[in-house]
Amino acid sequence: MPSDLYSNLLPLNETDRRAITGVRQPIRYLYRDLKVYRQQPTEATKTQITADFVALCTTETTCEPLNHVLRGLHRNPLELLRVLERPE
């Protein structure tokens with residue numbers, strides 16, 4: 001998941017700043033889990049990563065530009081989660 005998509009968002013106010021900051025940790029966890037999966041792929045981990053990705057991308061925040069980015073990521077899961085199908 002390209003972090004530059006959300007890191008370039010400019011918050012208009014404190015609420016937007018908190019919303020943008022709030023997605024950073026789940027994205028870091030997703031990257032970490034994808035790296036672990038690549039080393040040791042299991043069906044349980046694949047299922048969990050997919051669920052975490054969907055949960056992140058369907059999150060509604062108070063920042064509409066961030067919501068737009070998340071919806072865009074959700075429309076392209078096969079590309080972003082390609083490692084789940086081909087971990088080698």
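**Cysteines, helix packing and the nonpolar core**

The sulfur of Cys 63 lies 15 Å from the closest cysteine sulfur, that of Cys 57, and this is too far for a bond. A disulfide is taken as a pair of cysteine sulfur atoms within 2.5 Å. The structure holds zero disulfides. Cys 57 is in none. Cys 63 is buried, at 2% relative accessibility. Cys 57 is also buried, at 3%. Buried means under 20% relative accessible area, exposed over 50%, and partly exposed in between, with a 1.4 Å probe and protein chains only.

The model is predicted; local features need pLDDT of at least 70, side-chain atom pairs count only at pLDDT 80 or more, and totals for chains, interfaces and linings use all residues. Residues are numbered from 1 along each chain as its sequence is written, and side-chain values use heavy atoms, without hydrogens and water.

Helix H3 (residues 43–57) packs with helix H4 (residues 64–74) at an angle of about 145°. Their axes are 8 Å apart. H3 contributes Phe 53, Val 54, Leu 56 and Cys 57 to the contact (heavy atoms within 4.5 Å). H4 contributes Leu 70, Arg 71, Leu 73 and His 74. By class, six of these residues are nonpolar, one is polar and one is charged.

The largest nonpolar core has 21 residues. Such a core is a set of buried Ala, Val, Leu, Ile, Met, Phe, Trp, Tyr and Cys residues joined through side-chain atoms within 4.5 Å. Helices H2 (14–39), H3 and H4 each give two or more residues. H2 supplies the largest share, seven residues. Ile 49 and Leu 66 have the most contacts inside the core. Beyond its neighbours within four places in sequence, Ile 49 touches Leu 30, Asp 33, Leu 34, Tyr 37, Leu 81 and Leu 84.

Note on methods. Axes fitted to C-alpha atoms, helices over the stretch in contact; angles between N-to-C directions. Helix = DSSP H or I, 4+ residues; strand = E, 2+ residues; numbered from the N terminus. Nonpolar A, V, L, I, M, F, W, Y, C, P; charged D, E, K, R; others polar.
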